[in-house]
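Reader: I want to learn how to read helix packing and aromatic pairs in a model. Where do we start?

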Amino acid sequence: FFLEVKSLSYAENLYCNNNLRTNIKQYWKPNVKINNNMSLNDAIANTQNLLIETVRLRMRSDVPTAFCLSGGVDSTALASIAVKKLNHKIKTFSIIDSDQRYNELDNIKSTVKDLGCDHEIIELSKKNFLPEMESLVQYHEGPVATISHYAHSLLMKSINKHGYKVAISGTGADELFTGYYDHFLLHLR
């Protein structure tokens, strides 16, 4: 993005002394303990229990909680946990793209019907696209890697406009569970 300007990796600090010598130190690293003796069924059950507990903890807010709902498994699972496992009434918000390659409206409608939740649709607009992107670059203080940042910002603006202060999103689950082909390839790499 800029010549000779690099970004730090997550959980790193850059130290610079009086002679302008730099040293990068990692200040945090995840503590992962892999249990190779766990069965597939135990792993699935444990993942399900952890997801339910995670949603339960986030639903204890003093204000109403909004849910971002795409047509994917990640956001559908979180909204379903809130309604079916934790007995909450929820409101969902979805971005709909007019490009049929990315339009997940059928899946979204099916989930909304199944959950019986209140739902808001936000049409992906190309109006004011460049000023919005400039604003996102300023907000992130760097380049915006994917167009999903733009779509997500429209979603968050609508959620805020409807008075919600807390939103639950499946963002990151696709990367974790290799939900899309490119994430699967990255995982294999």
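Author: This is a predicted model. Start with two helices, α2 (residues 73-85) and α3 (residues 105-115): their axes come within 10 Å and cross at roughly 10°.

Reader: How is α2 oriented relative to α3, parallel or antiparallel?

Author: Angles under 35 degrees count as roughly parallel. So α2 is roughly parallel to α3.

Reader: Which residues make the contact?

Author: From α2, T76, A79, S80, V83 and K84; from α3, T111, D114 and L115. By class, the residues of this contact are three nonpolar, three polar and two charged.

Reader: What describes a pair of aromatic rings?

Author: The distance of the centres and the angle of the planes. A search of the whole structure gives two aromatic pairs. One of them is F93 with Y164, edge-to-face, at 5.6 Å centre to centre and 80° between the planes.

Reader: Which parts does the pair of F93 and Y164 tie together?

Author: F93 is in strand β4 (residues 91-96), and Y164 is in the loop between α5 (148-161) and β6 (166-168), so the pair links parts 71 residues apart in sequence. Both F93 and Y164 are buried.

Reader: And the pair of F129 and Y150: what is its geometry?

Author: The ring centres of F129 and Y150 are 4.8 Å apart and the planes are at 80°, so this pair is edge-to-face. F129 belongs to helix α4 (residues 129-140) and Y150 to helix α5, so parts 21 residues apart in sequence are tied together.

Reader: Is F129 buried or partly exposed?

Author: F129 is partly exposed, at a relative accessible area of 28%. Y150 is buried, at 3%.

How values were computed: Residues are numbered from 1 along each chain as its sequence is written. This is a predicted model: local features need pLDDT of at least 70, side-chain atom pairs count only at pLDDT 80 or more; totals for chains, interfaces and linings use all residues. Side-chain values use heavy atoms; hydrogens and water are left out. Axes are lines fitted to C-alpha atoms, for helices over the stretch in contact, and angles run from 0 to 180 degrees between N-to-C directions. Helices (H or I, at least four residues) and strands (E, at least two) are DSSP runs, numbered from the N terminus. Angles under 35 degrees count as roughly parallel, over 145 as roughly antiparallel, 65 to 115 as roughly perpendicular and the rest as oblique. Contact means heavy atoms within 4.5 Å. Ala, Val, Leu, Ile, Met, Phe, Trp, Tyr, Cys and Pro count as nonpolar, Asp, Glu, Lys and Arg as charged, and the others, Gly among them, as polar. Rings of Phe, Tyr and Trp (its six-membered ring) pair if their centres lie within 6.5 Å; planes under 30 degrees apart count as stacked, over 60 as edge-to-face and the rest as tilted. Buried means under 20% relative accessible area, exposed over 50%, partly exposed in between (1.4 Å probe, protein chains only).
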